[in-house]
Every structure is written in structure tokens, then in C-alpha cells.
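This report asks how the parts of one protein chain are held to one another. Please keep the sequence and the model in view while reading.

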Amino acid sequence: MEVRNKLWEEFKQAKANVVCIRRYNSVQRQLNSIYQIFIAVCAAVGTFSFGFSDRIPFFALLSIAVVSLVKAIFPQIIQPEQELCELDGIMDYYNSFMNKMEVFFYQLDKDLKNDDEVMQELFVLKEDECNKQSKMNRLIRWIPKRMQKKVDAEVQTYIEEVHYNIYKQDGCK
């Protein structure tokens, strides 16, 4: 039973990482889009308003300069797309990791492997996972408490609706 508990914990952590990365990347990409749209709108307004007023282009240029300066001073606000793509790769890894956990459950349920064999394979997987977790921690710069609560709730809902219901139907728990 210890092996199944370990697999559940690893599965839940992997699912939490997937949900966290997905939500984090979504927010960061929205911020990147807003930043790009703001720069484009200010540039367009500055360019096309020159005939109407000489102040509007100045304020548009000043807005672009201030926003660019804030981005340079606080780089964690706008994260480069390359880093978000690296997080996508880590999310793919954790999706694969979850699939392997499900395979382990299947193998244990069908007595295709014993606890020791599954644990040995799990240890091999965990060696590779350490690097991914460290990289993820470096790339995810902030997680607001509100987002963390949503991640936790989504993971709990997923586990309860997908996996616990299956075991309840079979008479196991």
C-alpha cells in the first residue's frame, strides 16, 4: 500500500505542476499581449495624431518610454516568450509523468509488476524529475495566493471526479 500512496502523491504533484504552469503561462502571455498592444497603440496614436496636435505624439512617446523603462527595471512583469516555451516543455514532461503514474497503477492493479519493480522504475523517473522541478521553480517568478488556491481546487476536483469516482464504482477506495 505504501507504493500506491507514493504514486498518488507523485501523480497529484505532477497534476498540480501541469495546472500551475498552464495558468501561469496563460497570465504571462496575456500580459505580453497587453504590453505589445499598448506599444503598438501608442505608436499609432503618436504617428497619426501629429497633424492634430504636437502634444499627443509627445505623450505617446513618453508613455512608450515609461512602459519600456518599467519593463527593463522589473523584468519579472513581462516574461520572454522563450521562457514560457520552456515552461510548456516542462508541462509536457509532467503530462508524460502523469501517464507513467497511471501505467504504474494499471500494472499494480493487474499484477503485471510488484511493488518493488514499480518503485525502482519510479526512482529512475524521479531522478530526471528533479531537474525539471528546479527549472520550473526558476522560470515561474510569482504565483499569487489566489492563483494557488485555484490550482489546488482544480487539482482536487480533477482527482475526485476522474480517479476517486472510478474506485468508488468498483467498490474499492
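## Basis of the model

The structure is a predicted model, in which local features need pLDDT of at least 70 and side-chain atom pairs count only at pLDDT 80 or more, while totals for chains, interfaces and linings use all residues. Residues are numbered from 1 along each chain as its sequence is written, and side-chain values use heavy atoms, with hydrogens and water left out.

How many salt bridges does a search of the whole structure find? The search finds twelve, where a salt bridge is a side-chain nitrogen of Lys or Arg within 4 Å of a carboxyl oxygen of Asp or Glu. One of them joins the side chains of Arg-22 and Glu-154, with N to O at 2.5 Å. Arg-22 belongs to helix H1 (residues 2-48) and Glu-154 to helix H5 (residues 145-170), so this pair ties together parts that are 132 residues apart in sequence. Helices here are DSSP runs (H or I, at least four residues; strands are E, at least two), numbered from the N terminus. Arg-22 is partly exposed, at 37% relative accessible area, and Glu-154 is partly exposed at 24%; the term lies between buried (under 20% relative accessible area) and exposed (over 50%), with a 1.4 Å probe and protein chains only.

The side chains of Arg-29 and Glu-81 also meet in a salt bridge, at 2.8 Å from N to O. Because Arg-29 lies in helix H1 and Glu-81 in helix H3 (residues 81-109), the pair ties together parts that are 52 residues apart in sequence. Arg-29 has a relative accessible area of 25% and is partly exposed, and Glu-81 is partly exposed at 39%.

Arg-141 forms a salt bridge with Glu-83, and their closest N and O atoms are 2.6 Å apart. This pair links distant parts of the chain, 58 residues apart: Arg-141 is in the loop between helix H4 (115-139) and H5, and Glu-83 is in helix H3. Arg-141 is partly exposed, with a relative accessible area of 31%. Elsewhere, salt bridges that share partners join Lys-6, Glu-10, Lys-126 and Glu-129 into one network.

Is Gln-79 buried or exposed? Gln-79, in the loop between helix H2 (55-73) and H3, counts as buried at 1% relative accessibility. Its side chain makes a polar contact of 2.5 Å with the side chain of Tyr-24; a polar contact is a pair of N or O atoms within 3.5 Å, where within protein one must be able to donate a hydrogen and the other to accept it, and residues adjacent in sequence count only if both atoms are side-chain atoms. The side chain of Gln-79 also reaches the backbone oxygen of Leu-139 at 2.6 Å.

Asp-109 is in helix H3 and is partly exposed, at 41% relative accessibility. A polar contact of 2.9 Å joins its side chain to that of Arg-4. Asp-109 and Thr-47 are 62 residues apart in sequence, and their C-alpha atoms are 68 Å apart in space.

## A nonpolar surface patch

Leu-62, found in helix H2, is partly exposed at 40% relative accessible area. Leu-62 is one of the residues that make a nonpolar surface patch of about 830 Å², among them also Phe-58, Val-66 and Ile-77. Patches are made of residues with over 30% relative accessible area and no salt bridge, with like charges joined within 9 Å and nonpolar side chains (Val, Leu, Ile, Met, Phe, Trp, Tyr) within 5 Å. Accessible areas come from the Shrake-Rupley method with a 1.4 Å probe, and for residues only the protein chains shown count as cover.
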